[in-house]
Amino acid sequence: MTGEDAIPGSDMSPPDIDDRAIAAHVPRLRRYATALVGNRADADDLVQDCVEKALANRHALRDPSKLGGWLMTILHNLHISSQRGRRRRGAEVPVEDLADDLALSAPPADRGAVRDFVRAFAQLTDEHRTILLLTGMEGLSYREVAEVLELPIGTVMSRLARAREKLRILLDGGTQQVVRRIK
Amino acid sequence: MSGTRNPVTEAELHAWIDGELPEERLADVERHLAENPDVAQRFERYRAQRSLLGQSFGPLIDQPLPDRLTPPFTARDPSEKPALGRGWGRRRGAWWGMAIAASLLVFVAGGTSGWLLRDRIGGRTEPLTAAFIADAVAAHRVFSVEVRHPVEIGVDEEAHLVNWLSKRLGKNMRCPKVTRGGYQLIGGRLLADSVGPVAMYMYEDAAGRRITLYIRPSPNTSGSAFRFAQDGGVRALYWQDNGLALAVAGEADRDTLSNVAEEVYGALNS
């Protein structure tokens, strides 16, 4: 019953990535980008750039089943490069609007907690937001995160531990547990 | 503190939260947490963070898309690049070449893990398309992170739930209440997709990990073998049987999913 059919075609040329295949990933990319940059307009720019880069390089992706991770990597790299420009320009869009919007999507009793969480999350570094989103929101395994971010898996794990502790301090107050060694 | 055997590391505690702890270490980790309430409390906060993350940002996935993010995507002419307004210069272009090349190395070389969608190559005329898996996986992502309303009807009204879904889908929807892997049915809901009504059942284990079962009527199809797909951290097993297309999706490992799938298959055919 558990047939795992052999893939016939390493000798076949893979089908092209088309608009539809990419479009299926757009809602996820957009959610990730919005949580990462903290406002919708910049997130949409980022996703649009990502889609364009992907289409322009579509022939380079050998294995279409890796499209999702590949798009994440493209988006991640685009974000890093846009942050470099931003730091020079010093532009920063406040996260308040997004915090208010997201609070409204939550049940009334949870609104305060959601608003506080979105604000605290925005105070983390990009690196920490990225790692928390990929593991906690996108549900990627450590190995998959390592592939998307092009990092060793040990770095992924230690960065995740630090990010969680930073966020805990931001949310709960108190002093930071110094995590001396991860392994 | 836990004495004689391998001490539990910080990394293992995080792996425990993330469902990546090898089973043979589970007992040690649980003992360590029981003996160190401060550590247990800290990891409880981490777990709460994770669910707040899902609750806060999860709804973003349902936001309507602006035109520029829906197909057909118009690839902008490279000569028009400056119009992008995000400062794409020629120098960036060179940087991008390298970045893309670097990512490709990983994704071409890393053939062993992740992102396996086995049906796409080979031109098989397969009515059960990638769109079905995408829908099942998307539904899993949306509902499995729900804290307050993961299901529409809880397992306390199991008979009503099963009758209702069976009626709406026109098929027997009797599913196992508890699986051998320790997943318990917590309830279900009726969803709609482009084809019509869809039934979704949700299972949860003691650690709060969730598996969803997504069932769409699929008339005029014969049975098929289980097939495996993966999208990010979500893995899915899907198959067709008796006029239904079914997918079991979750962050669990493949063996766990496959056991649940077999039990579901058994229950629907009993």
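**Exercise 1. Describe how helices α8 and α9 of chain A pack in this predicted model.**

Step 1. Locate the helices. Helix α8 of chain A covers residues 142-149, and helix α9 of chain A covers residues 153-172.

Step 2. Take the geometry. The two helices pack at an angle of about 105 degrees, and their axes are 9 Å apart.

Step 3. Classify the angle. Angles of 65 to 115 degrees count as roughly perpendicular. Therefore α8(A) is roughly perpendicular to α9(A).

**Exercise 2. Find the residues through which α8(A) and α9(A) meet, and sort them by class.**

Step 1. List the α8(A) side: A:Tyr142, A:Arg143, A:Val145, A:Ala146 and A:Leu149.

Step 2. List the α9(A) side: A:Ile153, A:Val156 and A:Met157.

Step 3. Sort by class. The contact has seven nonpolar residues, no polar residues and one charged residue. Arg counts as charged, and A:Arg143 is among the α8(A) residues in the contact.

**Exercise 3. Summarise the fold of chain A.**

Step 1. Count the elements. Chain A has nine helices and zero strands. Along the sequence the pattern reads α-α-α-α-α-α-α-α-α.

Step 2. Check burial. Of the 183 residues in chain A, 43% are buried.

Step 3. Check contact range. Take the contacts in chain A with a separation of 6 or more; 60% of them join residues 24 or more positions apart.

**Exercise 4. Compare the record with the model for residues 11-35 of chain B.**

Step 1. Read the record. An unreviewed UniProt entry lists this span as "domain: Putative zinc-finger".

Step 2. Read the model. The span is 68% helix and 0% strand. Its end C-alpha atoms lie 18 Å apart.

Technical notes. Residues are numbered from 1 along each chain as its sequence is written. Chains are lettered from A and ligands numbered from 1 in the order in which they are written. This is a predicted model: local features need pLDDT of at least 70, side-chain atom pairs count only at pLDDT 80 or more; totals for chains, interfaces and linings use all residues. Axes are lines fitted to C-alpha atoms, for helices over the stretch in contact, and angles run from 0 to 180 degrees between N-to-C directions. Helices (H or I, at least four residues) and strands (E, at least two) are DSSP runs, numbered from the N terminus. Angles under 35 degrees count as roughly parallel, over 145 as roughly antiparallel, 65 to 115 as roughly perpendicular and the rest as oblique. Two residues are in contact if their C-beta atoms, placed from the backbone, lie within 7 Å. A residue is buried if 20 or more other C-beta atoms lie within 10 Å of its own, exposed if 12 or fewer, and partly exposed in between; C-beta atoms are placed from the backbone. UniProt positions are given in the numbering used here, feature names are shortened, and annotations may be inferred rather than shown by experiment.
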